[in-house]
Amino acid sequence: MTQKQQDKAKQRFYEDIDNVDGNDLEYASKKGRKKVDSLDGDPPGALEKLWDDIKTMIQLIWDYRNGNYKAVPWKIIAAVVAAVIYFVSPIDFIPDFIPGLGYIDDALVIKLALDMAGEDLASYKEWKKTL
């Protein structure tokens, strides 16, 4: 992935955060679950180390959307939603169907969201353990 592609993926991610709305929550939760389910037996190499975090992000969106968990700032939810939408979108800077490379930009965007949401995801995981 070139520096230019990285910069464009980052820029798109940060712009998308500001545009997330309730419809995006619905889309990210449903499409995210569907994509994870389709890949769960064999996650793409670029996403293997992030796979559990991706699933947690999607669960967080699901629980937030359904009103089960609201102990997270909107800006964090928006970042997580933006990252999941980027992940599920077939149209990104490196198309997902390119073997070996297709998910590198997705991994970058997921890592950006994790950097922003790390503490909140940890709190969410602790909350999930109490159920």
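**Exercises on helices 3 and 4**

The buried residues of helix 3 are covered by elements that include helix 2 (22–39), helix 4 (74–88) and helix 5 (104–129). Helices here are DSSP runs (H or I, at least four residues), numbered from the N terminus. The model is predicted: local features need pLDDT of at least 70, side-chain atom pairs count only at pLDDT 80 or more, and totals for chains, interfaces and linings use all residues. Residues are numbered from 1 along each chain as its sequence is written, and side-chain values use heavy atoms, with hydrogens and water left out.

**Exercise 1.** Find what span helix 3 (residues 51–65) should have, and compare the ends.

Solution. Step one: the expected span is 1.5 Å times one less than the number of residues. Step two: helix 3 has 15 residues, so the span should be 21 Å. Step three: the end C-alpha atoms of helix 3 are 21 Å apart, which agrees.

**Exercise 2.** State how many residues of helix 4 are buried.

Solution. Step one: buried means under 20% relative accessible area (1.4 Å probe, protein chains only). Step two: 13 of the 15 residues of helix 4 are buried, and the helix is mostly covered.

**Exercise 3.** List what Phe13 touches, leaving out residues up to four places away in sequence.

Solution. Step one: contact means heavy atoms within 4.5 Å. Step two: the partners of Phe13 are Ala79, Ala82, Ala83, Val109, Leu112, Ala113 and Met116.

**Exercise 4.** Say which residue follows helix 3 with a positive phi.

Solution. Glycine 67 follows helix 3, and its phi is positive, near 80 degrees.

Methods
Helix = DSSP H or I, 4+ residues; strand = E, 2+ residues; numbered from the N terminus. Buried < 20%, exposed > 50% of the residue type's maximum accessible area, 1.4 Å probe, protein only.
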